[in-house]
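Please read them with the structure open beside you.

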Amino acid sequence: MEGRLSFIKSPETPCLKCIYPESPPSEVFPVVGATPGVIGSLQALEVVKYLTGIGENLKEKLMVWNGNKGEFKNYKAYKDPQCPACG
Ligand SMILES: [Zn+2]
């Protein structure tokens, strides 16, 4: 019921490793099918905005979708100067 989205264009923005320094858990967990639909639509919108230059991408932001509450929240994403991937 939760999805996350950001716009990553390294080295201009924080990379995925900056945002999530730890590896994802190895266990399999259930996903409500509508959640990837919500996030996938927003990912497509990010690409359209980037390619057309219209609007603002989610640079240095992490958008979190909480399907239980029907809420989006945006958080600041920081570039890690010690990041092994982009630092
Ligand atoms: Zn990084």
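1. Let me start with a pairing. Strands β1 and β2 (residues 61-66) run antiparallel and are joined by four bridges. Two strands count as paired here if DSSP finds at least two bridges between them. Helices (H or I, at least four residues) and strands (E, at least two) are DSSP runs, numbered from the N terminus. Within this pairing, Glu 2 lies opposite Asn 66 in β2, and Gly 3 lies opposite Trp 65 in β2.

2. A word on the basis of these notes. The model is predicted, so local features need pLDDT of at least 70 and side-chain atom pairs count only at pLDDT 80 or more, while totals for chains, interfaces and linings use all residues. Residues are numbered from 1 along each chain as its sequence is written, and side-chain values use heavy atoms, with hydrogens and water left out.

3. Now the whole sheet. It is open, with three strands in the order β1-β2-β3 and antiparallel pairing. The edge strands, each pairing on one side only, are β1 (2-5) and β3 (71-76). From one strand to the next, the twist averages 20 degrees. Helix α2 (residues 34-52) packs on this sheet and touches β1, β2 and β3, its direction making about 15 degrees with that of β1. Contact means heavy atoms within 4.5 Å; axes are lines fitted to C-alpha atoms, for helices over the stretch in contact, and angles run from 0 to 180 degrees between N-to-C directions.

4. Buried means under 20% relative accessible area, exposed over 50%, and partly exposed in between (1.4 Å probe, protein chains only). Arg 4, at 42%, is partly exposed, and Glu 2, at 46%, is partly exposed as well. The side chains of Arg 4 and Glu 2 also meet in a salt bridge (2.6 Å, N to O).

5. How many salt bridges does the count come to? It comes to five, taking a salt bridge as a side-chain nitrogen of Lys or Arg within 4 Å of a carboxyl oxygen of Asp or Glu. One of them joins Glu 46 and Lys 49 (2.7 Å, N to O). Because these two residues are three apart in helix α2, about one helical turn separates Glu 46 from Lys 49. Glu 46 is buried at 6% relative accessibility, and Lys 49 is buried at 18%.

6. Lys 76 and Glu 60 also form a salt bridge, with their closest N and O atoms 3.3 Å apart. This pair links distant parts of the chain, 16 residues apart: Lys 76 is in strand β3 and Glu 60 in the loop between α2 and β2. Both are partly exposed, Lys 76 at 47% and Glu 60 at 35%.

7. Finally, the metal site. Cys 15, Cys 18, Cys 83 and Cys 86 coordinate the zinc ion through their SG atoms at 2.2 to 2.3 Å. Donors are N, O and S atoms within 2.8 Å of the metal (3.2 Å for Na, K and Ca). Their spacing along the chain is C-x2-C-x64-C-x2-C. The arrangement is tetrahedral because the four donor atoms subtend angles of 98 to 121 degrees, the requirement being that all angles lie between 85 and 135 degrees. Cys 83 and Cys 86 are both buried.

Key:
Four donors count as tetrahedral if all angles lie between 85 and 135 degrees; four count as square planar and six as octahedral if opposite donors are over 155 degrees apart and all others between 65 and 115; anything else is irregular.
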